Amino acid sequence: MTRLPKIDLVSIEDLELPEIERIFALADGFAAALDRGETLSAANGLVMATLFYEPSTRTRLSFESAMHRLGGAVISSADMNASSAAKGESLADTARIVSAYADLIVLRHPHDGAARVAADYAACPIINAGDGSREHPTQTLCDLFILRRKKGKLKGLTVALCGDLKFGRTVHSLIYALARFGANILAVPTAGMDVPDYVLARLAAERHYSFSTVTMDELKTLAGGLDALYLTPSAPHQMALFTGDVPLDKIPAAEPPASLDAFYVTRLQKERIAATQPRPGEYVRFDARALKGHRAQEAVVMHPLPRTGELAYELDSDPRAVYFEQAAAGVPVRMAIIAWLLEHKRDAHRVSPAAAETARITAEPAPRCANANCITRFEGAYLHPRFKLARAADRGLLALRCDFCERELRVEFVGHARSHRYYRYDENLYGYVHNWIAEGSLAVFDSVKQAEENGYEPYKRGPQREVMNDAEIATAVESLADQVIADVQDLTNVSIVGVVSHGAMLAVRIRDQIAAKSGVRPPAAALDVYNPGATVVALDGGDAFAVQDRALVIVDDVINSGWTVQRAMNALWQRGRPATVKLAVLIDRGHRALPIRPNYVGKSIPTSRTDRVQVRLAPPDSGLKHHAHDRVMIYSMLEAAKSPQDAR
Amino acid sequence: MTPKPRVVLDAAALARSVRRIAHEIAERSDGASTVVLVGVVRRGAFLAERIAAELARTSQIQVPVGTLDISSYRDDGKGAPGDPRLLARDIPFVLDGKRVVLVDDVLYTGRTVRAALDALSDLGRAESIQLAVLVDRGERELPIRADYVGKNIEAPAGQRVYVRLSEVDGADAVIIGNGK
């Protein structure tokens, strides 16, 4: 049983500012105690487990040293490997089991959001020592600690962040934290290594915070003592200056800072850049000259280490170079985190500010996080999606932020599970969506098709008109069969796959027509693209449906954007490599969003974007000749609040 | 008798094709600020850079450029099956809501494009994905078509179409030759 309160440190956002201040005060005490050579025993009898699924020397050793310095013990596994763990035990199970052996777990993991998962399942506190490209809060605490120590404060400091500002997880955590403490940031990225958009968007939306980005040359001008910082207006992407409500190009340049308090230089994250990519621009290099200007007189130089050439060794003797002190601070700061946990009662109940307002989406189909490195993509067997409502820049999209990896998901269609109605999202629905999440009835959809396949009806529909009757549909099906027969050289190699549900019904009809006309009866299958795992069911019973080396014909009722076809191909490729794929559709209504073209078309019907084309087909057991109820209807979907022309 | 390799696009014609593709992208994007280019490694990536430079020069549109290496998504046994962790890419922007123009050198069976669509849909929710290719040589095996084509050429099966770019090959040209 753990002897520590269940307080997890997953993100720097888990800590309130006074809590960070308290940790710093404790770290000051420990730094002094270590200087005096004192022996400490605060963590006597405690066991810390270090679970590192990714190699790290510095972080791991400083954690282990901190625990030993406090009189505690450390257990660790020599070879945690993400890929071997993925095949065997889930992260949840590992966290649960190890929390029975230890009072505290320090975790490093290659997937975004892994620490949040471990925190959810472990009985003991989890300290995140880096998860994917997301956060590394203890490194951030070390950075802030040394900065505060050298400068006496954090509020109002001007900190230049230089180098790789794109991949470095430490730098993103640091940016959020500096923003919270009210420090000024000056970004100096190496070409092509800018702070990612999502970081900027989040700062703007949540903190109304923005900062200037300058090139290294511009920084030198600044450090050389000029009064104004020159920003080239012809390159607006270089001036990441904005507030939440003003479009990027209309924002006036921020006042350049009068002086600099700190340079934070990062290493180029070679391991996160593929070898085949074009090389980024020349990396920044810091030497004595860069520190000459009077604006930089007082600026300390920080670096998370290890350095790979961006810091000249000549700087090491400069009193402003604090990177070794910064690294040394790792031990007292990590001691302070453990001691801070000990200050709380064991049964302390504390909901971290970051975990307070998450929504679990219970309605089917559950949305999937859009981040390919998100832990939910790898541990999906037991992880339920969890999102927070976020503020989207586009009024027509619902923004949900993954609670594990923070990636934003933008949703165009939402549904209410109890009434089984779907809506094109609009900002006016925000309040409703909020309530639906609370009552567990929010459904989100990629497309109208997905909504309707799940049994949802549009909230409101305009007048309907019929565009095809039963005879016209029968003619179109016959024409599709003729087109296939004329185009394909060897009918015996053809297999027909219909997209559930109308595409599958059409697939059977087309197949039967081909059989009647040619004497060859190709196998048919139904593909459910929106089912998790995208099932393929043979429609003739018996043998499994073969994909490998077959000449496949995908059948769907209506082609619109093409995303359904893309998903269908993706699902088929999981099962083998077809020799060819042709696409047959009853209706091509235009509005393609993907470079996909059907090979066989029953009828082309021009439509407006907000039109809904609905195909109604009699069920297959009603007999080939009696399709009197077959219809294709068009109606306009009415928007909840605005005119259809405004829709995206 | 095997036919001699022949040049179907020389350096000047290739440059004209790139200019025309850039012009069409500018026209059809209608000044939208959400257009981004993603080049398929390796030659598609250089073509994307050239198209972006052309857009900046003639239309004063700054378009972000990313690259995608789909070798891990390929279905021809040359790469591992589609594991997004293995996907080499450098896409320094969020794809959600963007109008992506995928750029490749040659469109042939369509299998590379299908793999790229898979990879891109794994990486985010783009509003749309268009396809720009320098050469369309026909003979499609999948229902894929290009939105922007530099040149349509007919190359007999068994012949190969080589795109040469000065960034990698020292000179610009499109050549039809015999398979190695």
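The following dialogue reads selected features of a predicted two-chain model.

Me: What conventions and thresholds apply to this predicted model?
Reply: Residues are numbered from 1 along each chain as its sequence is written, and chains are lettered from A, ligands being numbered from 1, in the order in which they are written.

Me: What average pLDDT does chain A have?
Reply: pLDDT is the predictor's confidence in each residue, from 0 to 100. For chain A the average is 79, and 79% of the residues score at least 70. Helices (H or I, at least four residues) and strands (E, at least two) are DSSP runs, numbered from the N terminus.

Me: Over which residues of chain A is the pLDDT below 50?
Reply: One such stretch covers residues 223–256 of chain A, which has 56 contacts in the model beyond near neighbours in sequence; contact means heavy atoms within 4.5 Å. Residues 640–648 of chain A also fall below 50, with 15 contacts beyond near neighbours in sequence.

Me: In what order do the strands of the open sheet in chain B stand?
Reply: Two strands pair if DSSP finds at least two bridges between them. In chain B, 3 strands form an open sheet with antiparallel pairing, in the order S1-S9-S8. Strand S1 (6–9) and strand S8 (159–164) of chain B each have a single partner strand, so one side of each is left without a neighbour in the sheet. The twist averages 30° from one strand to the next; axes are lines fitted to C-alpha atoms, for helices over the stretch in contact, and angles run from 0 to 180 degrees between N-to-C directions. Between S8(B) and strand S9 (residues 173–178) of chain B there are 6 bridges, and Arg164(B) stands opposite Ala173(B) in S9(B). Helix H1 (residues 11–29) of chain B packs on this sheet, touching S1, S8 and S9 of chain B, and its direction makes about 30° with that of S1(B).

Me: Which residue takes a positive phi in the hairpin of S12(A) and S13(A)?
Reply: Strands S12 (residues 398–402) and S13 (residues 408–411) of chain A run antiparallel and are joined by 4 bridges. Leu398(A) has Val411(A) as its bridge partner. The hairpin has 5 residues between the strands, and Glu406(A) takes a positive phi near 75°.

Me: Are Arg509(A) and Asp630(A) buried or exposed?
Reply: Buried means under 20% relative accessible area, exposed over 50%, and partly exposed in between (1.4 Å probe, protein chains only). Arg509(A) is buried at 10%, and Asp630(A) is buried at 1%.

How values were computed. This is a predicted model: local features need pLDDT of at least 70, side-chain atom pairs count only at pLDDT 80 or more; totals for chains, interfaces and linings use all residues. Side-chain values use heavy atoms; hydrogens and water are left out.
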